[in-house]
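Me: Got a model open here and want to go through how it is put together. Can you take me through it piece by piece?

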Amino acid sequence: MAWRLKCNQAALSDMVEFLENVSFGVAILDGTNGTHEKRLNICQMMRSRGVNVQFIEVDNNNPTFLTEQYKIAVQSMPDYEGMSDYEAEVDYRKRVATYTATFQPMSTSHPVERRWSFLKCDHSRHHFVVHNVRGHLPLKIVNFIMNLRTTTHAFYLSRHGQSEYNLHGRIGGDSGLSEHGINYAKKLAEFSEQRITKDEEGQPVPARLWTSTMRRAIDTTQFISHDKIVTRDIDDPDMTIEWIQMRPRRWCNLDEIYAGMCDGMTYEEIEAVMPGEYQLRQLDKLAYRYPRGESYLDVIARIEPIIIEMERHKEPLLIVGHQGILRIVYAFYMGLSRNEAPYVKIPLNTVIELRPKAFHCSVERHTLYTPVEPMPSDGQDETLPGNASELLPDPPSH
């Protein structure tokens, strides 16, 4: 037990050092902190340095729900790498039993803790206690956690099929699909029918489809079928519901990064006509904002509601969008820094399958369409300049 306390103190010291050196920093201390004494120690250490503290308590007593969560956790937990699922689950249950023996839940009636800010969660009952939580960021954290699902399912990310603008290397616009784009749309419909809307036994499962509001994204989904199926309600298995498969939902949040005065131009034309703007973008692709347009930081801000909705739903989801947007979504789930996000490769004719789990996110790429002759480059895949996360400091959002 002594080494555990030593590790906990080391983590606290690291957190203090981080908060003292990073203006407006947010630190997450991932630990049980299951007794009032431990929580009081954290509060005293943080508040003496002017740091606001928000506790998050996760509690559950539903045996069926817990068994499902144990299985999900041990399959991806680094501690159990190389162990069988059975051995890992036995050990994990012993850990939980040890914590349970000394656990002291947070309470609004506790003479000291009732003055603190905390969120108590029981996702199995969809039951939450929000106590003394104030401020923009603390409430955003509460909103995010309350919308988290406790089961894993797949997200499928796809760029639209090749557009007429892609064919000529132009950015932005609202052009339709090229012949190659139409061919990819047909392949995507086949993939959706065989992989997204069916389980491993070939039985239909409810699935969702989101696109941007732009023509090239909508047209890429034109061949996807929208059959009606009867299924059990996830939250109330005794109830049957009629579900329309892949009913399209269009989000302006998913529209491509707006290039402003550069919309419709090629990068070569931008370099020739606006060499200063071209150079600024090369120096800092993340924070660069097109004249009268957007930056990747702007996109990150408008993608936030999309992430909340992705976390809230429990069905497989296909998102057909644009490279700039899907880069941010991919980076979020893969744990990449903001500086790395603008350089993620989201190729045409490919579906990227993401499966977020407790401790990592698995990824699989499905190339659905390969033309006989190579397609011309659209000029949008740029190489990460060295290690961008080290070359440039992570800029503040704006």
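**Sheets and helices**

Reply: There is an open sheet of six strands with mixed pairing, in the order β8-β5-β9-β4-β10-β11. Helices (H or I, at least four residues) and strands (E, at least two) are DSSP runs, numbered from the N terminus, and two strands pair if DSSP finds at least two bridges between them. This is a predicted model, in which local features need pLDDT of at least 70 and side-chain atom pairs count only at pLDDT 80 or more, while totals for chains, interfaces and linings use all residues. Residues are numbered from 1 along each chain as its sequence is written, and side-chain values use heavy atoms, with hydrogens and water left out.

Me: Which strands stand at the edges of that one?

Reply: β8 (248-251) and β11 (361-367) do; each has a single partner strand, so one side of each is left without a neighbour in the sheet. From one strand to the next the twist averages 20 degrees.

Me: And what packs on the sheet?

Reply: Helix α7 (residues 179-196), which touches β4, β9, β10 (350-356) and β11. Contact means heavy atoms within 4.5 Å. The direction of α7 makes about 175 degrees with that of β4; axes are lines fitted to C-alpha atoms, for helices over the stretch in contact, and angles run from 0 to 180 degrees between N-to-C directions.

Me: In what sense do β4 and β9 pair, parallel or antiparallel?

Reply: Parallel, over five bridges, with β4 covering residues 155-159 and β9 residues 317-321. S158 has V320 in β9 as its bridge partner.

Me: OK, the three-strand sheet now. What is its order?

Reply: β1-β2-β3, open, with mixed pairing. β1 (54-58) and β3 (127-131) are the edge strands, each pairing on one side only. The twist averages 10 degrees from one strand to the next.

Me: How many bridges between β2 and β3?

Reply: Five, in the antiparallel sense, with β2 at residues 117-122. K120 has V129 of β3 as its bridge partner, and C121 stands opposite F128 in β3. The hairpin of β2 and β3 has four residues between the strands, and H126 there takes a positive phi near 55 degrees.

Me: Which helix lies across β1, β2 and β3?

Reply: α5, running at about 15 degrees to β1. The axis of α5 (residues 136-146) also comes within 8 Å of that of α11 (residues 296-312), and the two cross at roughly 35 degrees. K140, N143 and F144 of α5 make the contact with E304, I307, I308 and E311 of α11.
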